[in-house]
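Have a look at the model first, then try each task before reading its solution.

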Amino acid sequence: MYLLNALGNATFENYVGLESGFTEMAYQMSAHVLTVGYAVMLAALFYFVLTIKTVAPKYRISSVLSVVVMVSAFLLLMIQQQNWTSAFVFDTESQRYVLGSATDLFNNGYRYLNWLIDVPMLLFQILFVVTLTSSKFSSVRNKFFFHGTAMIVTGYIGQFYEVTNPMLFFFWGFVSSVFFVFILIIMKKVIDEGKQGAPEGAQRYLGMIWKLFFVAWMLYPGAYLMPYLFSFSLEPALSETAVVARHITYTIADVASKVIYGILLTLAAQEMSKAEGYDYEKIENAI
C-alpha cells in the first residue's frame, strides 16, 4: 500500500525512500550518475573557454552563453547530487538506504532552477550563430524567452503533485508540453533559415543540431513521467528502478542538450568563420 500524502508534495524519490528504501546498487548508481552530470559540465566549461577565440568575434556571444550555461549547470547539479546523498541514510537493519528522519527531502527543484537559467540561454545561443533571413532577431528571442520560461515554470509546479494529485501533475505537464511544442516549431524555423547561405559544413552541423535538439529535449517529458511509465496506471510506481531511470534520463538529456549542443554550435560557427576569412590557426601562427 502506497504511503500517499505521508510526505505531502514531495517527489516520488522520497516516497520510495520512505516505503522500501534503496538497495546499495540503486543508491550508488543514482549518486554516480548525478556526479557524472556535474563533472561533465565542469569539463565542458574548460572546452568552451579554450575554444572561444577559434570563432570570429561576431559569433563569440554563443560561446560566452555556453560558459554561462556550464557554470550554472555545474553548481546546481552539484547541489542536486549533494542533496541526494544527504537525504538518504544507510539502515543497517534493512541493509537499505532510507529517508533520513533528520535530513532534508530530496528535491528535483534544483534541476528546474538550473533549467530556468539555462533554457533561455540555450535557445538564445543559436541566434548568435545563424543569420535569420526573414524573422526578426528580437521577435524570435522574445518568443524563446517566453515559451522557455513558461515551459519550465509550469513543469516545476507540476512535479510537486506527482504523488499526491496525478490529475494536477498531468495537467501542468500538458501545459508545459504545449510551450515545448512551440519551442520546437520556432527552433526548426530558425535552423531552416540559418542554413540558407551558410557554408556546407555549417549546414551539416545545423542539421545535426536539429536532430539532437529534437531527440534530447524529448527525453525531459519522459523523465517527468517516469513514475507513471513504470506503473501503467494513475498511481505512481514507487520503484527504485524508476528513480534510477529518471536520474539517467535527466543526465543524458542535460549532457546532450547543453554540452553536445554547444559543441555543435561552436563547430558551425568555426565553419562560418572560415568561410568569412577568419582563420584562427593562421592568426595564432602569425602571433
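**Exercise 1.** Find how much space lies in the second largest pocket, and describe its lining.

*Solution.* Step 1: the second largest pocket holds about 150 Å³ of space. A pocket is an open set of points on a 1 Å grid over the protein atoms alone, where a 1.4 Å probe fits, with protein on both sides within 12 Å along at least five of seven lines; lining residues have an atom within 4 Å of a point. The volume is the space filled by probe spheres set on the points, which are joined across faces, edges and corners.

This is a predicted model, in which totals for linings use all residues, while local features need pLDDT of at least 70 and side-chain atom pairs pLDDT 80 or more. Residues are numbered from 1 along each chain, and side-chain values use heavy atoms, without hydrogens and water.

Step 1: the lining includes T54, Y205 and Y278. Helix α9 gives the most, with four residues, and α10 (280-286) supplies at least two. Helices are DSSP runs (H or I, at least four residues), numbered from the N terminus.

Step 2: by type, the lining has four nonpolar, two polar and four charged residues. Ala, Val, Leu, Ile, Met, Phe, Trp, Tyr, Cys and Pro count as nonpolar, Asp, Glu, Lys and Arg as charged, and the others, Gly among them, as polar.

**Exercise 2.** Which element gives the most to the lining of the largest pocket?

*Solution.* Step 1: the largest pocket, with about 360 Å³ of space, is lined by 21 residues, and M151, I152, S176, Y220 and P221 lie nearest its centre.

Step 1: α6 gives the most, with six residues.
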